[in-house]
Amino acid sequence: MIRKTLFATGLLTTTLLASTACSAQPVAAGKPFKETVVADFDSPWAMTFLPDKRMLVTEKKGQMLLVSADGKSRQTVATITVDSAGQGGLMDVALAPDFATSQRVYFSYSTAGEGGKGVVLARGRLRPDGGGGERLGEIEALFSARPFVEGNGHYSGRIAFSPDGKYLFFTNGERQKFTPAQDPKMTLGKVLRLTLDGKPAPGNPLVAKGFAPEIWSYGHRNLLGIAFDAQGNLWEQEMGPKGGDEVNLIKPGLNYGWPNASNGSNYDGSDIPDHKPGDGYEPPKVFWNPVISPGGLMIYSGSMFPQWKGDAFIGGLSSKSLVRVHLTGTNAAKGDQWDMGARIREVEQGPDGAIWVLEDGGDSQGRLIKLTAK
């Protein structure tokens, strides 16, 4: 297989690439799905499907690609200037709730600025470029994490829209600084609720207590997945320290404990108090020891795998796995964990109910793989 690496300069470029021949891979024993490699990317981070079944895929170094439904052709619709050191880069991508009419695309990325580095929420419009292709134009930054700090980790930057399409939920990691997660004035270590223009949403729960007006919940570490289920419950997963990866049910105004409570330990071996009743912190619904290093999060609603409808799927990075969590109302329980042989950065549901996964392309191959029923 030939890896296609894109080189582009400037803010916006459009480049057509030749297709890469990809064939179906052997099905591993014990997996209840077959795997078909659809495309190969350079350190992909996130993806989303357009109504016409094409895909937008982000790559860590700043390229946003528009990919055909069969994966055989692609086009660079934007090249975003990012700080891609460490865990930084071009991150999440999501279609606006009114994409059919507005053509707006929301995305996140890390950048350097006054005080250090931070994660930014931005949006643009996907338009014809006049040459037979498309480009993402009218790009505007909507929100930046506060404050910018030194370091290259725990940006988070995941995006989810409320079921009514009125609000945007945005994750800000605590940037490996621990205490900002409990600081009411900082957005670091928080789930934020914003308007679609990136402003603080009216009615956020902690304003009266002196918190920054964007904050919805706090006490988080590195939040790399957030999604609503069909009942309107908001689920989030985050990386713990040495142990203690979590799936949380996010409720307004609650404190999820980091760094004061965790079911893991610090990397230097020092203890962190476990979650326990009455400690004032909301405990996870599910946690892992040893870790799975959770990447993207998807709540399945398709019909191809009816036995999993309503369940959560998580990409495992260090665990090189696809993880299923069984959701029942507001409760969660561990389900299957399948060895994928590579770090899984992103999980998405396709238009036909197939499950799609992206390998992260760092320590692993950067393939896009479609999982279908046997």
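Strand S2, residues 33-40, is mostly covered in this predicted model, with six of its eight residues buried. The partner of S2 is strand S25, residues 367-373; the two run antiparallel and are joined by seven bridges. Strands of a sheet pair through backbone hydrogen bonds, and the pairing may be parallel or antiparallel.

Another part of the structure shows antiparallel pairing among several strands. Here four strands form an open sheet, and their order is S15-S16-S17-S18. S15 and strand S18 (286-288) stand at the edges of this sheet; each has a single partner strand, so one side of each is left without a neighbour in the sheet. Neighbouring strands in the sheet are turned against each other by 20 degrees on average, direction ignored. Between S15 and strand S16, residues 234-239, there are six bridges, and the two strands run antiparallel. Leu223, for example, has Glu238 in S16 as its bridge partner.

Strand S15 covers residues 222-228, and Ala227 is part of it. Is Ala227 buried or exposed? Its relative accessibility is 12%, and buried means under 20%, so Ala227 counts as buried. Leaving aside residues up to four places away in sequence, Ala227 touches Ala160, Asn233, Leu234, Trp235, Leu297 and Ile299. Phe169 is 58 residues away from Ala227 along the chain, yet the C-alpha atoms of these two residues are separated by 9.1 Å.

The next topic is empty space. Rolling a probe the size of a water molecule over the atoms shows where such space is left. The largest pocket has a volume of about 1,000 Å³. Which residues lie closest to the centre of this pocket? Of the 37 residues that line the largest pocket, they are Thr48, Ala227, Phe228, Ile299 and Glu348. Several strands give two or more residues to this lining: S3 (44-49), S7 (90-95), S11 (156-161), S15, S19 (294-299), S21 (321-328) and S23 (344-349). By type, the lining of the largest pocket divides into 20 nonpolar, 11 polar and six charged residues.

The second largest pocket has a volume of about 470 Å³. It is lined by 28 residues, and those closest to its centre are Gln87, Met239, Leu317, Arg343 and Arg345. S3 and S15 each supply at least two residues of the lining of this second pocket. The lining of the second largest pocket is made up of 10 nonpolar, 11 polar and seven charged residues.

How many cavities of 30 Å³ or more does a search of the whole structure find? The search finds one. About 60 Å³ of space lies in the largest cavity. The residues that line the largest cavity include Glu238 and Met239, together with Gly219, Arg221, Gly240, Pro241, Gly244, Glu246, Tyr256, Trp258, Ala261 and Ser262. Five residues of this lining are nonpolar, four are polar and three are charged. Glu238 has already been met as the bridge partner of Leu223, and Met239 is among the residues closest to the centre of the second largest pocket.

Technical notes:
Residues numbered from 1 in each chain as written. Predicted model: local features only at pLDDT ≥ 70, side-chain atom pairs only at ≥ 80, totals over all residues. Heavy atoms only, no water. Buried < 20%, exposed > 50% of the residue type's maximum accessible area, 1.4 Å probe, protein only. Contact = heavy atoms within 4.5 Å. Pairing = 2+ DSSP bridges. Axes fitted to C-alpha atoms, helices over the stretch in contact; angles between N-to-C directions. 1 Å grid on protein atoms, 1.4 Å probe; cavity = no way out; pocket = protein on both sides within 12 Å on 5 of 7 lines; lining within 4 Å. Points joined across faces, edges and corners; volume = space filled by probe spheres on them. Nonpolar A, V, L, I, M, F, W, Y, C, P; charged D, E, K, R; others polar.
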